[in-house]
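These are my notebook entries on a structure that I looked up. I ask the reader to keep the sequence and the model in view.

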Amino acid sequence: MSNAANREEIVRKFLGSKVFDFNAFGKFVAENGASIASASESEFGFVVGNRFIRYCIPPVVEVEQGINPAAIRNEVTGR
Amino acid sequence: MPNLQDRTAAPGCNRIAAGAANPAEVAQDLRRRLQLAVRIAERTLQFLGKDGFDGAEVPDGNFAAEKPLAETAMLLYVAARYAPDAGTAAPLRDLVPYARSEQMRWDVVRYPSVCLQLATPHILLSALGHVDQDFDELLARSWSASARAGHEVVPYRELEVLWLHALWRRERPGPVCEEIARKTALGNPIDLLNGTRDDAYAHTHAPMYATNFGAWQVTLPRPSGEFLDEAGSVLARALVVEDYDLAGEALMAWPLLSSHWSPAAAFGFRVLASLEDKVGFLPAGRSASGRIRRLNGHDKTRCALATSYHTAYVMGMLCAVSLKDGMASPFDIAGAAYQMDLIEMLYAAIPRTGAHWENAFQSLDAREQMALAPFLLDVALIRSSRSGDAARMVHLLQTAITHGMAHTALCSQSAEYLSRLGAMVDGRHTVSRLSRA
């Protein structure tokens, strides 16, 4: 079986098993708060590194009270 | 709902009418974008090449000069390879004194365990014909130090060291490259739902180093289609969170592996190109640092460049590798057409945030939108997962099975994730019921 077929089989097996109990999951979220089940919408994750492994990782941009990037076009491109 | 009647190109992409532009027009457009990045590189050298940047409010926003110097060298190296007429001669000459400054020599001598990384600009300049025997000898002394292997790195960074060493010694890496590649994202899928940004960068960088930015044909540890399937999900996630740096790097996978652009990849390219046209350069995200407003003159320019140059470089490199022989137009969204009902259902399942991809999608014609069902499924699954909406994830997986789209890594990882969640919740309630009894 190809890997693509394998992946589809994983989905089929999950859906066929009907193991996911929506009522139990809803109760779990209600008891523990929605935050435990959801992730931050604004971040991809986190970056860990030192000066060397940060090559090719972009500098951190502080976006609080951010501005339209078009406002810095002249500074970046020189025109 | 998708605007099915609007057949105009994405905002800012009027120069290229998708599917209609001839190869010469496409190549000209890519060169124009690359030349913009090269121009920004000249300014980056001018303003950040000597001292780097230390004006950020958070420590991670600061960097030494070696970072922009290495990245500038990479941009110019890729540009010179795929677009010799992109205007790299002047910035390459400008780079030489920075790349081989007294500070650089001192760093290479002092830190043998990272000497190749520090010497990145020197090595890439040498590969382009700007050699320096004295610097080479210093580097050789550092490379032969007993502490050479004293800095442990993750596998994709091993590939980077191998790539630099091969360029420095003017030889191909050999079988060891395939051994290391097996341990990277080239050999194993990353966690597409909940992986970190580091994981995503590991995914985007491994093919850059393994292929020498598309110049080497390599035997991958698994079919390239599997890797590109995951790259498509990394791209979708990057477009959702408006991380255009990562989106651009994810897109490079197609030309690096000499593969035809998928509909999602071509759409991703259109999103980035239209945003670049709208802003004047490709920004890192939706907003730039508000701190720039409080600065003037030289400091303002340095801050603007420090927070923007990297993503502009990524766009330039993407355009350069897209000029590889045999690559089709990255603007052309062509693929299997799914039913419009499905497109509408998937698009409706995605909460609007105002992200730029939404505007770009609205401006596509119906034929293009109908090729993007797998992309919309990826976005819908990612958004549902991030908001903890398990019921919607299950519904989306059922839809994927019905429409023959469930063979992706994101679908199988979603199913596995929901299975684990189900087992966890079920286990808790079993314990709870038993304790009550």
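Entry 1, terms and conventions. I took helices (H or I, at least four residues) and strands (E, at least two) as DSSP runs, numbered from the N terminus. The model is predicted, and I noted that local features need pLDDT of at least 70, that side-chain atom pairs count only at pLDDT 80 or more, and that totals for chains, interfaces and linings use all residues. Residues are numbered from 1 along each chain as its sequence is written, chains are lettered from A and ligands numbered from 1 in the order in which they are written, and side-chain values use heavy atoms, with hydrogens and water left out.

I read the pattern of chain A along the sequence as α-α-α. Chain A has three helices and zero strands. I then looked up burial, where buried means under 20% relative accessible area, exposed means over 50%, and partly exposed lies in between (1.4 Å probe, protein chains only). Of the 79 residues in chain A, 33% are buried. Accessible areas come from the Shrake-Rupley method with a 1.4 Å probe, and for residues only the protein chains shown count as cover. Chain A exposes about 4700 Å², of which carbon and sulfur atoms supply 53%.

I counted rings of Phe, Tyr and Trp (its six-membered ring) as a pair if their centres lie within 6.5 Å; planes under 30 degrees apart are stacked, over 60 edge-to-face, and the rest tilted. Over all chains there are 15 aromatic pairs. One of them joins B:Tyr347 and B:Trp357 edge-to-face, at 6.1 Å centre to centre and 90 degrees between the planes. B:Tyr347 lies in helix 17 (residues 340–348) of chain B and B:Trp357 in helix 18 (residues 356–362), so this pair ties together parts 10 residues apart in sequence. B:Tyr347 is buried at 1% relative accessibility, and B:Trp357 is buried at 2%.

B:Trp357 also forms an edge-to-face pair with B:Phe375, at 5.5 Å centre to centre and 80 degrees between the planes. B:Phe375 belongs to helix 20 (residues 373–386) of chain B, so the pair ties helix 18 to a part 18 residues apart in sequence. B:Phe375 is buried, with a relative accessible area of 2%. I recorded one aromatic cluster formed by B:Phe267, B:Tyr347, B:Trp357, B:Phe361 and B:Phe375.

How many disulfides (pairs of cysteine sulfur atoms within 2.5 Å) does the structure hold over all chains? I found zero.

Conventions: A disulfide is a pair of cysteine sulfur atoms within 2.5 Å.
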